[in-house]
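Please consult the sequence and the model shown here alongside the text.

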Amino acid sequence: MTVNLPLPLVLSLALLLGAWLTWLAVRRADRRRLVGRLVASWVAVACLALLASPPKITRTYSASEAILLTDGYSPDTLQALLNHLQPKPQVFAFETEAVQAEPITDFAAFKQQQPAVQTLHVLGHGLAEEELASLSSLRLVPHLSPLPAGVLSASWPKKITLGEPVQVQGIFTSPEKPVTLYLQAAGGNRDSIEVKKGAGQAFQLAFTPKTSGQFVYQLQWQEEDSLRREAIPVLVEEPRPLNVLLLSSAPSFEVKFLKNALAQQGHGVAVRQEVSQNIYQTETINLSKQSLNRLTPALLQNFDVVLLEEATLQGLSAQEKQALQQAVRQQGLGILTCFSQNSAKPIPFFAEAGFRLISEKQARNAPVRWRGNASAQAVLPLPGAVLQLSQGQKPLAWGQHLQQVLVAYGRKGLGHVGVSLLPQTFSLALEGKDALYRQYWSQVLNALAKPEEGVPAPAFPSLSPQRVGQAVLFSSAIPVHSLQVGSPPSLGTVISTASSGSPRSFLHQFFPDQSGWFISPPGQDSIRPLFIHSASTWARQNIQFRHRQLLAIAQKTDAPAPMLAIPIQVEILLWPLWLALVGMLGFLWLEEKF
């Protein structure tokens, strides 16, 4: 703590000390460098006097404006702002180190100590949501620093079936130079892309896992001398065996190839093909034999998906159509209706999408794309029409771009109803593209299939990564009391309460203290594993979110308040005085020795 002596006492002592040093210098026999000795003595005395009672200077600051420095602020931006604003505002710092800035730890206390501040200039990367909420009464003016190089956003399927690709799409920013972005999986780099210099560069990487399990893949890039990574957790499950019913108005290669492909993958397949009016040829594979001549609620209860043609649908009786609708709404059955070039028209319940004609020509061969397949290798006969999605429908396959939807589906009650304009997909198998053929049908069937009765999956209200040190909120169909992570396992307590909105749903709050895959401990009802990221992960995404929040709040603030100026006395810098004192004392010592 600095103690300032009374000024009269300091001056009296300084004059006495200066006079004594002058007397000593004058009475020395060696009168060389006498002037230098006198000047050095009085300068040293003056420095001691100023250090004993540091003088203060009055500076005028803005009372209504202030500058807040946050993480990542630019000193050049700060200096330019100080030169522009007159009178100069006071400078504060929050969770960052800055010279000549008063640190802030609590914004509530800051508002009490600085009640006149109405405008706050925010430099750096901004503030978190809770800090912004405490400054809601102030006018915030952003002076944001550029986003650092890194992944701003990314999306990928959190759960896939073995054989499906993990496709990572996102936005990368690299303000200074191009960057090569890698997808690291299974001990090596599986895909890469060169991201151009600039902000908001889109990227897409893919990898197909070879085994099932809980994995943490990584997005990786080089930044100066360090290697940056972001975690991509993926749960890879074994393929789910489905029971599929194929209904056809006549024998066809499409049914034959699909039947054989599904049977080879272990799915249960039942086929009903009409050979003449009301006479059917039936076949079952990997299923117990049963009568398929008439569609009844009891029969449909045994299947997960029904695939049929538009002509077959039109030939069904009213009772069979009603049974299909009831199975979809109440049991979760999935239905896919395939249309040919000439039969594309809406059908209530079964095909409620719109059909838009884009070409008068007959079917042409062109690439078909779907999630996980962005290449042009899957070439199929395409109709001259595309689907126009109605509310709630999602695309499953499309042509050259996503607006040319060829296969779509939507929810009806507990189940899903799909529409397809691709009645002939067997050509992929004929051309030896078995992997693409299986991948396409895996996407379609898994999207439409009856909901799986098994381990419930946790649902998160937020799309942001779940991080260590934050409260993790999720819901599930069963109560969860604890979760474990690591080896040896470490247990974490979960607060579970019944949902007031749904009697079959439970709300959970969890405070993880480490990252990794959390699973249900033995002896407890299981939920699907959930992944907790480390506290430092996805930092660029968090910075971008803070930028957007601050900019949004700044746009809503009122006009600036009238400028108020206040005089503040500040002490002069003391280090030049100490430097001068040491220099003068050193000169006097050396002068006496030599």
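What percentage of the 594 residues of the chain count as buried? The share is 43%, where buried means under 20% relative accessible area with a 1.4 Å probe and protein chains only.

## Basis of the model

This is a predicted model, in which local features need pLDDT of at least 70 and side-chain atom pairs count only at pLDDT 80 or more, while totals for chains, interfaces and linings use all residues. Residues are numbered from 1 along each chain as its sequence is written, and side-chain values use heavy atoms, with hydrogens and water left out.

## Overall dimensions

The chain contains 13 helices and 33 strands; these are DSSP runs numbered from the N terminus, with helices being H or I of at least four residues and strands E of at least two. Its radius of gyration is 37 Å, well over the 25 Å that the globule rule gives for 594 residues, so the chain is more spread out than a compact globule. That radius is taken over C-alpha atoms, and the rule is 2.2 Å times the number of residues to the power 0.38. The C-alpha trace spans about 135 × 55 × 50 Å along its principal axes.

Among contacts with a separation of 6 or more, 63% join residues 24 or more positions apart; contact means heavy atoms within 4.5 Å.

## Domains

An automatic or database domain assignment supplies the bounds. Domain 1 covers 7-55 + 572-593, domain 2 covers 61-145 + 543-569, domain 3 covers 150-238, domain 4 covers 243-448 and domain 5 covers 472-527. Between the C-alpha centres of domain 1 and domain 3 the distance is 68 Å.

## The five-stranded sheet

An open sheet with mixed pairing runs in the order β7-β13-β12-β9-β10; two strands pair if DSSP finds at least two bridges between them. At the edges stand β7 (159-161) and β10 (188-195), each with a single partner strand, so one side of each is left without a neighbour in the sheet.

Strands β12 (residues 213-223) and β13 (residues 226-237) are antiparallel partners over 11 bridges. Gln-222 stands opposite Leu-227 in β13.

## The four-stranded sheet

Antiparallel pairing joins four strands in an open sheet of order β27-β30-β29-β28. Here β27 (472-476) and β28 (482-485) are the edge strands, each with a single partner strand, so one side of each is left without a neighbour in the sheet.

Four bridges link β28 to β29 (residues 490-498) in the antiparallel sense. Leu-483 has Gly-492 in β29 as its bridge partner.

Technical notes
Buried means under 20% relative accessible area, exposed over 50%, partly exposed in between (1.4 Å probe, protein chains only).
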